Amino acid sequence: MNVDRLAAILKQAAQEEIMPRFRRLDEGTIQTKSGAFDLVTEADVGAERVITAAINAHRPDVLVIGEEAVAANPKLLDTNLEDRIVIYVDPVDGTANFAGGLPLFAVMAAVVQNGEPVAGVIYDPLGDDVLMAEKGCGAFQIFPDGRAIRQKFADPVPLGEMGGLASTMFLPMEQRSTVMANLAKVKMLANYRCAGHEYRYAAGGNVHFMMYAKLMPWDHVGGALIMREAGAHVAKFDGTPYHPSDLGGGLLVASDEESWTTLRREVFTV
């Protein structure tokens with residue numbers, strides 16, 4: 001599917017279903033799923049409906065797998081990805097931020113063809129710009145006026161000078177305690193509770209590493225592709241490539257393979 005068309009679909013959904021509800025959610029329109037930080041709002045449901053319908057109208061041969069569709073039918077995650085095109089959709093990435101009125105949320109989509117990620121799109125409804133990549137073509141930030149800026153992940157620096165983004169909440173408690181202590185070895189750590197904005201920030205060369213333990217495809221398939229196209233080294237904790245069907249095994253992103261190895265040995269010792 002054409003990546004520009006996909007970006008336009010995400011923008012349409014944001015304009016129709018998300019932005020009219022930002023800081024205007026009525027009582028009862030926010031629900032808890034698995035825990036206090038796992039929320040769904042009527043904006044999530046509405047945006048996913050608009051995105052799915054628009055993709056199906058444009059490309060009826062494409063299978064759309066959205067986060068809220070999987071919440072209703074978890075077996076969708078078992079879909080065979082071979083010999084087909086699948087588009088994973090996160091209608092509101094950073095729902096807890098969105099529900100709390102924090103302007104750090106995004107709309108995300110990833111295109112997988114025959115089991116291989118080929119495109120990723122992250123749309124920022126507030127900035128009205130898009131971060132996108134197609135396999136082998138580089139990563140770009142596209143602004144409303146049409147300007148396109150090629151993205152480049154940060155150059156490597158020593159461990160003590162690294163700043164990064166890490167989501168530790170899905171690590172088992174014992175591993176979390178170890179990793180949190182190890183993170184004292186780096187200079188700066190942040191977590192925006194929104195993978196979309198974290199990938200956007202990293203693509204522009206603003207951090208030296210990223211770590212995620214839970215790998216839902218709508219959160220990370222597109223982002224991982226964008227990171228690779230921006231020049232980063234991306235691999236699971238065991239050093240193997242990340243595949244769209246992987247739900248665990250952790251994901252570590254770094255400036256280069258040497259930095260990745262140092263971070264894995266010294267910090268993310270899980």
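Q: Let's take Cys 194 to begin with: buried or exposed?
A: This is a predicted model, and in it Cys 194 counts as buried because its relative accessibility is 2%, which is under the 20% cut-off.

Q: And where does Cys 137 fall, buried, partly exposed or exposed?
A: Cys 137 has a relative accessibility of 46%, so it counts as partly exposed.

Q: How many disulfides does the structure hold?
A: The structure holds 0 disulfides, a disulfide being a covalent bond between the sulfur atoms of two cysteines.

Q: Moving on, what about Asp 93, where is it?
A: Asp 93 belongs to strand S4, which covers residues 85-93. Asp 93 is buried and has no salt bridge, and the nearest side chain of opposite charge, that of Arg 200, is 9.4 Å away.

Q: Which backbone atom lies 3.0 Å from a polar atom of its side chain?
A: That is the backbone nitrogen of Ala 195, which lies 3.0 Å from a polar atom of the Asp 93 side chain. Leaving aside neighbours within four places in sequence, Asp 93 is also in contact with several other residues, among them Cys 194, Gly 196 and Asp 219.

Q: How many residues of helix H6 are buried?
A: Helix H6 runs over residues 195-203 and is mostly covered, with 8 of its 9 residues buried. The buried ones include Ala 195, Glu 198, Tyr 199 and Arg 200, and after H6 comes Gly 205, whose phi is positive, near 85°.

Q: Why does His 197 count as buried?
A: His 197, which lies in helix H6, counts as buried because its relative accessibility is 11%, and the cut-off for buried is under 20%. A polar atom of the His 197 side chain lies 3.1 Å from the backbone oxygen of Phe 105, and, apart from neighbours within four places in sequence, His 197 is in contact with Leu 104, Phe 105, Ala 106 and Asp 124.

Q: Which residues touch the most other members of the largest nonpolar core?
A: That core has 37 residues, and those touching the most other members are Tyr 199, Met 210, Ile 226, Met 227, Leu 251 and Val 253. S4, H6 and helix H7 (217-229) are among the elements that each supply at least two residues of this core, and H7 gives the most to it, with 5 residues.

Q: What is in the second core?
A: The second core is separate and has 33 residues, including Ala 14, Leu 25, Phe 98 and Val 107.

Note on methods:
Residues are numbered from 1 along each chain as its sequence is written. This is a predicted model: local features need pLDDT of at least 70, side-chain atom pairs count only at pLDDT 80 or more; totals for chains, interfaces and linings use all residues. Side-chain values use heavy atoms; hydrogens and water are left out. Helices (H or I, at least four residues) and strands (E, at least two) are DSSP runs, numbered from the N terminus. Buried means under 20% relative accessible area, exposed over 50%, partly exposed in between (1.4 Å probe, protein chains only). Lys and Arg count as positive and Asp and Glu as negative; His and the chain ends are not counted. A salt bridge is a side-chain nitrogen of Lys or Arg within 4 Å of a carboxyl oxygen of Asp or Glu. A polar contact is a pair of N or O atoms within 3.5 Å; within protein, one must be able to donate a hydrogen and the other to accept it, and residues adjacent in sequence count only if both atoms are side-chain atoms. Contact means heavy atoms within 4.5 Å. A disulfide is a pair of cysteine sulfur atoms within 2.5 Å. A nonpolar core is a set of buried Ala, Val, Leu, Ile, Met, Phe, Trp, Tyr and Cys residues joined through side-chain atoms within 4.5 Å.
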